[in-house]
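Subject: Structure for you to look at

Hello,

Here is the structure I promised to pass on. Please open it first, then read the notes below.

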Amino acid sequence: MQNKKAVLSGFVAVLLVFIAALVVRSDDFRGERGAENLEASYHTLLTITALHEVPVARSHLLPIVNFGGPKDINIPWGATVRTPNGDFVYTSFPPLAFLVPAALFQALNVEPSLGTLASFNAGLGLISAFLLFAILVRILTFDGHTKGVAVFASVAGASLLLLSKEGLHSFGPVYWAQQLAQLFLLGQLAVLVELKHREPPKPVALLALLGVISFLAAYTEWTGFVANGLIGLAFVVRDRAGSRRVGLVMLAANALAIGAITVHLASAIGWQETLSALSKRFFARSAMADRGLLELLGQYWESFGLLLVLSALAGAVVMAHARRHSKPAVTFAVFALLVSLAPLVENFIMLQHAWQFSYDRLKLVVPLSVLVASAFAILLSAKRTAAWAFALILLALSFWQNSSQYLANRAEYAGWAQVTKDNERLLAEIKKSGTWDCAVVGANGSVRGYASLLFHRGVYEAVSSSRLQELAIELNRCAAIFLEQERFSFDLPRYTSATIYRSGQEPVRLTPP
């Protein structure tokens, strides 16, 4: 009973940390607030909206990026692939990360918006933190620490997921596939820890659960394939009683996910286009891109700051403790550390993506949490009061530095709120002209999630005004509306003017009032 109360108090403590994180990022739920990589959330909202509007027979439940009207199809969009119906499918990531929020919003009759998506994302963060806490308690208990020590240390470790700069950011305003994948990777780690604890033969139910979670991880984000492959191969090569079956289950999950993704895409765009699209997106995001390893390592500092220093010190404590024991008391902790490091290899394979999008570096938080929790447990069990008190102070300082860095980063994008208002005013002026519903629309720059949602219609990207006028004639439209834009941040434009071209009339140039 006492142990259950200790664990329950730990969950309450994690909940309080979550509430503290919500206080830090309270602005995330208030309208159009700017943030680094916010274009990912707009892209997600675009696909959710499109999936709600376009019939399943056309969308095939794939991450399409256009709406369902006749003026929305056959308009190219970035590196997407066209279906025979004229819709465009995003092929850089599997579909599950879009389908889950789309299905949830529809089931709850929730309007997709930045605020509701941030709430969904925060919920993922809380569930992930609870799961990480439970895993840490389990491994520390298996390593011989008392329940009270394990709970205290696990709260400290799980807090990294919520209060690191990357945790605040990735489970806050910006949602993408990595956040949902993180939940599955934690689930996979939990099952693997349990399987390690069980004597052979390994329970079939646990093996089946491992297979399902591993499949979902791969069907959500490419990191799942890397984790399944590396961990699975390690278990197969180890070739001890029960290990080979664990490894084969994970490798089989990879094979099934590859087959499912390929067949799913091919059902809409055909086999040749599917294979071509997947290979092109891999090389565009891979280590062959134009970013170096040192730049990526610098970005890890940007994501975790002083927590990297704390984790390095924690690692030294764990290693020193292991050397003093003929049978290390951190066996399960070391196992969890190795398993949680495997997904990080994806960052070095898909180097360009990990450098550009900070949420791709979120996966580092799990090995850092394992190190911090293990070190706290060792110091507490050894009654090294001064040492763990110093570690607690350093942890608090690290959280302060990370939250300050997060708020400073958000402040850099504060101007986005005004930009969205100006863009909406310009759109209102365009609609007053009476041409919006019958015109063809184009822009001199890229058109991504935000622009598609703002105009709620297809917009030709990177087109000249002369070519847009030709398109108006070819498509028998009443006018051509040419948008001029400048970059606020990556894929987030500020529209400076709109010029309306009508046959036989002088062009009309509009600017935000």
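Glu474 is exposed, at 52% relative accessible area, and Arg467, at 32%, is partly exposed. Here buried means under 20% relative accessible area, exposed means over 50%, and partly exposed is in between, with a 1.4 Å probe and protein chains only. These two residues form a salt bridge in which the closest N and O atoms are 2.9 Å apart. A salt bridge is a side-chain nitrogen of Lys or Arg within 4 Å of a carboxyl oxygen of Asp or Glu.

Before the rest, some notes on the source: this is a predicted model, in which local features need pLDDT of at least 70 and side-chain atom pairs count only at pLDDT 80 or more, while totals for chains, interfaces and linings use all residues. Residues are numbered from 1 along each chain as its sequence is written, and side-chain values use heavy atoms, with hydrogens and water left out.

Salt bridges

The structure holds 13 salt bridges. One of them joins Asp87 and Arg58, with 2.6 Å between the closest N and O atoms. Asp87 sits in the loop between strand S1 (81–82) and strand S2 (88–89), and Arg58 in helix H3 (residues 56–59), so the pair ties together parts that are 29 residues apart in sequence. Helices (H or I, at least four residues) and strands (E, at least two) are DSSP runs, numbered from the N terminus. Asp87 is buried at 0% relative accessibility, whereas Arg58 is partly exposed at 21%.

Arg494 and Glu486 also form a salt bridge (3.0 Å, N to O). Arg494 is partly exposed at 27%, and Glu486 is partly exposed at 40%. Arg138, Glu194 and Arg198 are linked in a network of salt bridges.

Helix H13

Helix H13 (residues 293–304) has 12 residues and spans 17 Å from its first C-alpha to its last, close to the 16 Å expected. The expected span is 1.5 Å times one less than the number of residues. Which residues of H13 are buried? They are Leu296, Gln299, Tyr300, Ser303 and Phe304. These residues cover an arc of only 120° around the axis, which puts them on the same side of H13; the arc is that of the directions from the helix axis to the C-beta atoms. An α-helix has 3.6 residues a turn, so residues three or four places apart point the same way.

Just after H13, Gly305 takes a positive phi of about 50°.

Regards
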